[in-house]
Amino acid sequence: MLAHQDDIEETPLLQQPEQPAIATKARTPLPWGQFWIILVLHFSHSLVFKTLAPFTPQLIRDIGVTNGDEQQVGYYVSILHLSYYIPQTLAVLYWSRLSDRIGRKPVILTAAFTLATTMLWFGLSRTYLGLLLSRVICGAFNGENGIIKSMMMDITDATNLPKAYGYMPLPSMLASIIGPLAGGSLSRPADRFPEIFGQSQLLKIYPYLLACAVPALCSAIVWLVLYFCYKEASSVSTTVSLWEVIKQWFSQRSYAKRLALSNNALLSSEEANSEEVPSKSLPLRAVLTPKVVTVSANSGVVTLFVVGIGKLQQIFYATPIELGGVSLDPPRIGFIFATSAFADGIFQLLFYARL
């Protein structure tokens, strides 16, 4: 029974061409010259969500969208979270497929730039509409979550990929500790640290700008690191530019509206298609095998519960006691989240690492 279970776990989700056995092949060392950039990128991506968690309910109260009704805080906080996750869910597949054509670097640079600018936008927003728009744009243009995994596949092989994935929880763990502490401690800094920030009119008008500037600055640094240090893997196609992809998309749209094309257009289209055949990716239907659908559904359900519980926790901590919460301020909420993340990280290192 155990042997059968091991065979199932080691079976690839997608059929791959015949490859020579790698049982006797020496383990390839991790390419740390590029792998550390992926770890920093993953840290920056996780830091955004962890920083916002402690002060989002208080922010909703301060902008006055609930008109003083505490029972509506959770409703508006939930919509704010959905405004990020829904656009990201709809767009992440297209960003991943685009990275197969123009390379990982342009797409990741776009995502890092979007994270930096939208976090500053979030901190400078004084209306609920401004908060919503910043999160919608951030989710729509942030394709990091799927591309990070593709970047790992580009620089690793079957001998060192498991070891590379073993390091991936570390950036998320650090972000789960640093993010809540920064978000909780640096929100409303003029009130918490009047001797340092009490004279700053900017931070009095925008009390959550400093907290949002932490992940924004981190994303800006990551953008510079990616631009100057990251090198595309040789297996990734970078022959097609983003402008060419846009022109091809518009040409396909116009072709669907026309009944005939000129001979010159047909010739140019055939030449373009012949050049793109080697880098053409699989259609979505070919990828959605029963095993892939099963694994994706399981991952989606687990993610739904994990994210849902995390969002409910911040609302519960910030809700007044008379409404069933514990009425904690952002610094205490941030400390609780950071302590929980630290305990979770220690538990994983001591127990899950051995498994």
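Asparagine 67 sits in the loop that joins α3 to α4. In this predicted model, asparagine 67 has a positive phi of about 55° although it is not a glycine. Serine 327 belongs to the loop between α17 and α18, the latter spanning residues 330–350. At 43% relative accessibility, serine 327 counts as partly exposed.

Helix α3 covers residues 56–63, and its buried residues are Thr56, Pro57, Leu59, Ile60 and Arg61. The elements that cover these buried residues include α2, α4 (73–102), α5, α6 (128–141) and α17 (290–318). After α3 comes glycine 64, which has a positive phi near 80°.

These helices belong to a chain whose secondary structure comes to 18 helices and 0 strands. Of its 355 residues, 38% count as buried. When contacts between residues at least 6 apart in sequence are considered, 77% of them join residues at least 24 apart.

Helix α5 (residues 104–124) packs with helix α13 (residues 209–229) at an angle of about 165°, and their axes are 8 Å apart. That angle makes α5 roughly antiparallel to α13, because values over 145 degrees fall in that class. The crossing of α5 past α13 is left-handed. On the α5 side, the contact is made by Lys105, Ile108, Leu109, Ala112, Phe113, Leu115, Ala116, Met119, Leu120, Phe122, Gly123 and Leu124. On the α13 side, the contributing residues are Leu209, Cys212, Ala213, Pro215, Ala216, Ser219, Ala220, Trp223, Leu226 and Tyr227. By class, the residues of this contact divide into 19 nonpolar, 2 polar and 1 charged.

Leu115, one of the α5 residues in that contact, is also among the residues touched by asparagine 142. Asparagine 142 lies in the loop between α6 and α7 (144–155). With a relative accessible area of 0%, asparagine 142 is buried. Not counting residues up to four places away in sequence, asparagine 142 touches His45, Tyr84, Gln88, Trp95, Ala111 and Leu115. A separation of 8.6 Å lies between the C-alpha atoms of asparagine 142 and valine 107, which are 35 residues apart along the chain.

Histidine 81 is located in helix α4. Its relative accessibility is 15%, so histidine 81 counts as buried. Neighbours within four places in sequence left aside, histidine 81 is in contact with Lys311 and Gln314.

A pair of aromatic rings is described by the distance of the centres and the angle of the planes. A search of the whole structure finds 15 aromatic pairs. In one of them, the ring centres of tryptophan 32 and tyrosine 167 are 5.1 Å apart and the planes meet at 80°, so the pair is edge-to-face. Tryptophan 32 lies in helix α2 (residues 32–52) and tyrosine 167 in helix α8 (residues 161–167), so the pair ties together parts that are 135 residues apart in sequence. Together with Phe35, Trp32 and Tyr167 form one aromatic cluster.

A second pair returns the reader to Tyr227, which takes part in the contact of α13 with α5. Tyrosine 227 and phenylalanine 228 form an edge-to-face aromatic pair, with 5.0 Å centre to centre and 85° between the planes. Tyrosine 227 counts as partly exposed at 42% relative accessibility, whereas phenylalanine 228, at 63%, counts as exposed.

Key
Residues numbered from 1 in each chain as written. Predicted model: local features only at pLDDT ≥ 70, side-chain atom pairs only at ≥ 80, totals over all residues. Heavy atoms only, no water. Axes fitted to C-alpha atoms, helices over the stretch in contact; angles between N-to-C directions. Helix = DSSP H or I, 4+ residues; strand = E, 2+ residues; numbered from the N terminus. Parallel < 35°, antiparallel > 145°, perpendicular 65-115°, else oblique. Left-handed = near helix turned anticlockwise from the far one by under 90°. Contact = heavy atoms within 4.5 Å. Nonpolar A, V, L, I, M, F, W, Y, C, P; charged D, E, K, R; others polar. Phe/Tyr/Trp six-rings, centres within 6.5 Å; stacked < 30°, edge-to-face > 60°. Buried < 20%, exposed > 50% of the residue type's maximum accessible area, 1.4 Å probe, protein only.
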